[in-house]
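Dear colleague,

I am handing over the structure below, and after it I set out what was found. Please read the notes with the structure open beside them.

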Amino acid sequence: MTAPPTTVKATTVKAPTAKAATATGSSRSVPAARTARLGELRDLAIGADDIPQVLHRCRALVRPALEEAVGRLHPWVGEMAAYSFGWCEVGGAPAVASGGKGVRQALAVLGAEAAGAPGRAGVAAAVAVELVHTFSLLHDDIMDGDADRRGRPTVWKAYGTGPAVLAGDALFALAVETLAVQPGGAGAVRILSVALGDLVRGQADDLLFADRPWTGPERVRPDEYRAMAERKTGALLGCAAALGAVLGGAGPETAATLDRAGRHLGVAFQIVDDVLGIWGDPGVTGKPVHGDLRERKKSFPVLVALGSPLGRRVAALLETGDAPETAAALIEDAGGRSAAMAEARRHIGAVEAALAGAPLAARAADDLRSLLAYLVRRDT
C-alpha cells in the first residue's frame with residue numbers, strides 16, 4: 001500500500017502505541033444451509049464482477065487529492081487521520097491494513113460522470129464526503145465503545161479518546177474547507193450541511209433505540225428504523241452522488257434524484273448489514289456469528305420478529321442474551337429474515353426507478369447502478 005504523504009509521517013507528537021484488541025465471539029460458521037440462503041441477496045446484483053475495477057478507478061483518481069488534504073493538517077492530527085484511512089500505523093510507519101472500499105468517493109466521481117462531466121470534476125466532492133464519513137466513524141466508535149475496526153484498534157483505542165475526537169473535528173473542518181473553495185462552493189456546502197444534519201439525527205435515534213423496551217407501546221417500530229437508516233446511512237451516500245453531480249454541472253433536479261437514490265440505497269445497505277450481522281458467515285464477513293444478537297441490537301429482522309405472534313418469545317431470548325442461535329432461528333421463523341430481504345429489494349427497486357427517471361450519461365449510469373447493487377450483495 002502506498003505510504004502516506006511526508007507531512008503526515010513526520011510526526012512531532014508521539015501517541016502511545018496501543019496493542020491490538022483481541023477479537024471476541026465465536027468463529028464457527030453458521031450451518032451451510034442458512035449461509036447458502038444468503039445467496040438470495042445475489043439476485044440484487046447487476047454487473048457485480050465489474051465493481052472492483054470501478055472502485056479502483058475512482059480511488060486512484062481521488063487518492064492524491066485526499067492525501068494532499070490530509071497533509072495540510074497538524075502532523076499529529078494528520079497521522080491519526082492517515083491511521084484511520086489505513087495508510088499508516090501508530091507512529092507513522094506505512095501500513096498494510098485495508099482502508100475500506102471507498103464507496104462514497106466512488107459515488108461522487110460517478111455522480112460527476114453521470115452529469116456528463118469528467119470524473120475529476122467530482123474529486124473535491126469525493127474528498128469532502130470521505131473526510132466526513134471518516135469523521136463520523138471516529139466519533140461513532142467512541143459512542144459505541146467499539147475497540148476494533150477493519151481488524152485493528154480504532155483510533156480512540158490507539159491514540160486515546162480526546163485525540164480521536166480532535167482528529168474527527170479536524171476532518172469535519174477540512175471537509176467544509178474542501179468544498180467551500182470550489183466554484184459554487186456555497187451551494188455544495190449547503191448540500192453537505194443537510195446531509196450532516198440528517199446523519200446526526202439518525203445517529204441520535206440509533207443511540208436512543210438501545211434504551212427502548214423490546215415489547216409494548218414504546219418499542220421501536222420498523223418504520224422508525226427505516227427513517228433512522230435513511231438518515232444515518234443513506235444521507236451521506238445520497239450526498240456523495242449529488243455533490244459529484246453538482247460539481248459536474250448538473251441541475252438541481254438531477255442532484256435531488258441522485259440524493260434520493262442514495263438514501264434508498266442507505267436503507268437497503270443497512271438492512272443487508274443487519275441480515276449479515278445475524279446470519280452471515282464470519283469467515284466471509286469478519287464478524288462473529290450472531291454478533292448482533294449478542295450485542296442485543298434492535299436490527300430490522302429483530303424488529304419485524306418482535307411484532308409477530310412469536311414476539312414475546314423473541315423478546316425473552318434477547319432480554320437475557322442467552323442462546324443466540326435459538327434466537328436467530330426464532331427470528332427467521334417469525335419472518336424477520338424474509339421481511340428484511342423483501343425490504344432491501346423494495347429500496348433497490350426505488351433506486352432503479354430514480355435513476356431511470358434522470359437524464360444521466362449512459363455509461364456512468366450503468367456504473368452507478370452496478371455500484372449501488374454491489375453494496376447490497378457485499379460479503380454474501
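This is a predicted model: local features need pLDDT of at least 70, side-chain atom pairs count only at pLDDT 80 or more; totals for chains, interfaces and linings use all residues.

Ala-250 lies in the loop between helix H10 (222-247) and helix H11 (252-279), and it counts as buried because its relative accessible area is 19%, where the cut-off is under 20%. Ala-114 stands 136 residues from Ala-250 in sequence, although the two are 8.8 Å apart in space, C-alpha to C-alpha.

Turning to the aromatic residues, the structure holds 4 aromatic pairs, and one of them is formed by Tyr-83 and Tyr-159, whose ring centres are 5.6 Å apart with planes at 80°, so that this pair is edge-to-face. The pair links distant parts of the chain, since Tyr-83 belongs to helix H4 (residues 75-84) and Tyr-159 to helix H7 (residues 155-159), 76 residues apart. Tyr-83 is buried, at a relative accessible area of 5%, and Tyr-159 is likewise buried, at 5%.

The rings of Phe-85 and Trp-87 have centres 4.9 Å apart and planes at 25°, and this pair is therefore stacked. Phe-85 is buried at 5% relative accessibility, and Trp-87 is buried at 3%.

Finally, there are charges placed over rings: the charged end of Arg-152 sits over the ring of Tyr-83, 3.9 Å from its centre, while the charged end of Lys-298 sits over the ring of Trp-214, 4.4 Å from the centre of that ring.

Key
Residues are numbered from 1 along each chain as its sequence is written. Side-chain values use heavy atoms; hydrogens and water are left out. Helices (H or I, at least four residues) and strands (E, at least two) are DSSP runs, numbered from the N terminus. Buried means under 20% relative accessible area, exposed over 50%, partly exposed in between (1.4 Å probe, protein chains only). Rings of Phe, Tyr and Trp (its six-membered ring) pair if their centres lie within 6.5 Å; planes under 30 degrees apart count as stacked, over 60 as edge-to-face and the rest as tilted. A charge sits over a ring if NZ of Lys or CZ of Arg is within 6 Å of the ring centre and within 35 degrees of the ring normal.
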